[in-house]
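This briefing is for a reader who is meeting the structure for the first time. The sequence and the model come first, and the notes follow.

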Amino acid sequence: MPEHLARSVRTHAPDRRLRIELAADPALLPPPHSHDLAETTAIECSATAVTLRSDWFRARLDPAGGGAGQLLVHPAGRAYFGGVLENVLRVLVAYDALHRGGVLLHSSALVRGGRAAVLFGHSGAGKSTAAGLGQAAGCEVLSDDINVLIPVTGTWQAYAVPFGVVGAAGERNEPVPLGGLYRLVQAGRDAAVVCTPARAVALLAASAAFVNQDAYRAEALLDTLLELAQRHPVHELHFTRTARFLDRVLPGPGPVEG
Amino acid sequence: MDRAERVFRVHPRVRFRRLYDEAVVIHQDQAETLVLNDAGVTFLECCDGERDLAAVIEAMRAQLAVDVPTLAGDLQPFVAELEALGIIEAVAGEGR
């Protein structure tokens, strides 16, 4: 199991259960010696289930909260089990967030002064760079890859998840109030430009991993993202890959040297 | 068959929603999104798989108060772009 999934988490009773079996199911084949997990995994959605499948594993999840899931893996796939489990958990968390009126975003989340700035964008936009710069400047990093945003009693909160973390992140069990949403754009100068509601929703939807491909939950996703964007307007953050952006997204006690 | 007789529909894997004077469009096959202005989403709403382009232009002309030649000229590259992105697909007419 990957080390970052093996951390103990002090939590309440489980919200979901996932039954895992190594099964010589005739429908499953031994995995090839070399493969790309992401490229060989297909997601199929229906009104009642979400299925992840490849030649050598199959996971069936209940997209509604509280349901049990099942993961079948060909016995010869043991070597890749950790990666498969992490992928299944990512999808499960994405659907769980949507069920709770929230969203899982491909993003970095930085915390300073008790508030979280969530930075999102396409691959290569600078999410990890921003997380590293923020951490070097004294911010806490919730995750540099995936963060969950959920409304709790009218306030949007950012939750750490144990995927793709840097440094000591991922240990936090308590949510952090959302301070702002920023879509990263590499640029020659630092600036923040507010988006229209439609653009905000479009940008958020592009980073709402997994559920943005689900036709059965498109309306729920749009409802959630519109509510989020109305509460926290999205800014396009023109970013020079220096720490100067921090003063725009999480104003601190003094200027950050870039 | 003339270009104006082409009939388009919104791709079954595309969802869109008006938000004020714009619209957000999600193509769920590619998990890609885009934003259309009022005229753009009016066109998308007219892509019902039944009306040909000439009828769509006539419907838009009435809604947007634009003359037909201007609208037809503006729509040509826009339609091509939406088709290339897989947002709409031709169900009848040239290129089908």
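The model is a predicted one. In it, 19 residues of chain A are in contact with 14 residues of chain B. Over all chains, the count of salt bridges is 20.

**The interface between chain A and chain B**

- Chain A and chain B bury about 1,500 Å² between them, and 60% of that area is on carbon and sulfur atoms.
- Ala198(A), Gln213(A) and Leu222(A) together supply 30% of the area that chain A buries against chain B, more than any other three residues.
- Two salt bridges are counted between chain A and chain B.

- Seven residue pairs, both residues at pLDDT 80 or more, are in polar contact between chain A and chain B.
- On the side of chain A that touches chain B, the elements giving two or more residues are H4 and H5 of chain A.
- H4(A) gives the largest share of that side, eight residues.
- By class, the side of chain A that touches chain B has eleven nonpolar, four polar and four charged residues.

**Gln213(A)**

- Gln213(A) sits in the loop between helix H4 (197–207) and helix H5 (218–231) of chain A.
- With residues up to four places away in sequence left out, Gln213(A) touches Arg13(B), Gln28(B) and Ala31(B).
- Gln213(A) counts as partly exposed, because its relative accessibility is 31%.
- Gln213(A) and Glu44(A) are 169 residues apart along the chain, and their C-alpha atoms are separated by 9.2 Å.

**Helix H3 of chain A**

- Helix H3 of chain A spans residues 127–136, and its residues Lys127(A), Ala130(A), Ala131(A) and Gly134(A) are buried.
- Seen down the axis of H3(A), the buried residues fall within an arc of 100 degrees, so they line one face of the helix.
- As a general point, an α-helix has 3.6 residues a turn, so residues three or four places apart point the same way.
- The cover over the buried residues of H3(A) includes strand S6 (103–112), strand S7 (115–120) and strand S8 (140–143) of chain A.
- Strand S11 (176–186), strand S13 (234–239) and helix H6 (246–249) of chain A are also among the elements that cover them.
- Just after H3(A), Gly138(A) takes a positive phi of about 100 degrees.

**Salt bridges within the chains**

- In chain A, the side chains of Arg217(A) and Asp214(A) meet in a salt bridge, 2.6 Å from N to O.
- Arg217(A) counts as buried because its relative accessibility is 12%, and Asp214(A) counts as buried at 0%.
- Glu86(A), Arg90(A) and Asp145(A) are linked in a network of salt bridges.
- In chain B, the side chains of Asp29(B) and Arg13(B) form a salt bridge of 2.7 Å, N to O.
- That pair links distant parts of the chain, 16 residues apart: Asp29(B) is in the loop between strand S3 (22–27) and strand S4 (32–37) of chain B, and Arg13(B) is in the loop between strand S1 (7–10) and strand S2 (14–19) of chain B.
- Asp29(B) is partly exposed, with a relative accessible area of 44%, and Arg13(B) is partly exposed, with 25%.
- Asp48(B) and Arg51(B) also meet through their side chains in a salt bridge, 3.0 Å from N to O.
- Asp48(B) is partly exposed at 35% relative accessibility, and Arg51(B) is partly exposed with a relative accessible area of 30%.

**Positive phi in chain B**

- Ala31(B) is a residue other than glycine with a positive phi, near 50 degrees.
- Ala31(B) lies in the loop between S3 and S4 of chain B.
- Ala31(B) is buried, with a relative accessible area of 17%.
- Ala65(B), a residue other than glycine, has a positive phi near 55 degrees.
- Ala65(B) is found in the loop between helix H2 (53–64) and helix H3 (68–85) of chain B.
- Ala65(B) is exposed, with a relative accessible area of 72%.

Definitions and conventions: Residues numbered from 1 in each chain as written. Chains lettered and ligands numbered in written order. Predicted model: local features only at pLDDT ≥ 70, side-chain atom pairs only at ≥ 80, totals over all residues. Heavy atoms only, no water. Salt bridge = Lys/Arg side-chain N within 4 Å of Asp/Glu carboxyl O. Buried < 20%, exposed > 50% of the residue type's maximum accessible area, 1.4 Å probe, protein only. Helix = DSSP H or I, 4+ residues; strand = E, 2+ residues; numbered from the N terminus. Contact = heavy atoms within 4.5 Å. Arc of directions from axis to C-beta. Buried area = accessible area lost by both parts, 1.4 Å probe. Polar contact = N/O pair within 3.5 Å; in protein donor to acceptor, adjacent residues only side chain to side chain. Nonpolar A, V, L, I, M, F, W, Y, C, P; charged D, E, K, R; others polar.
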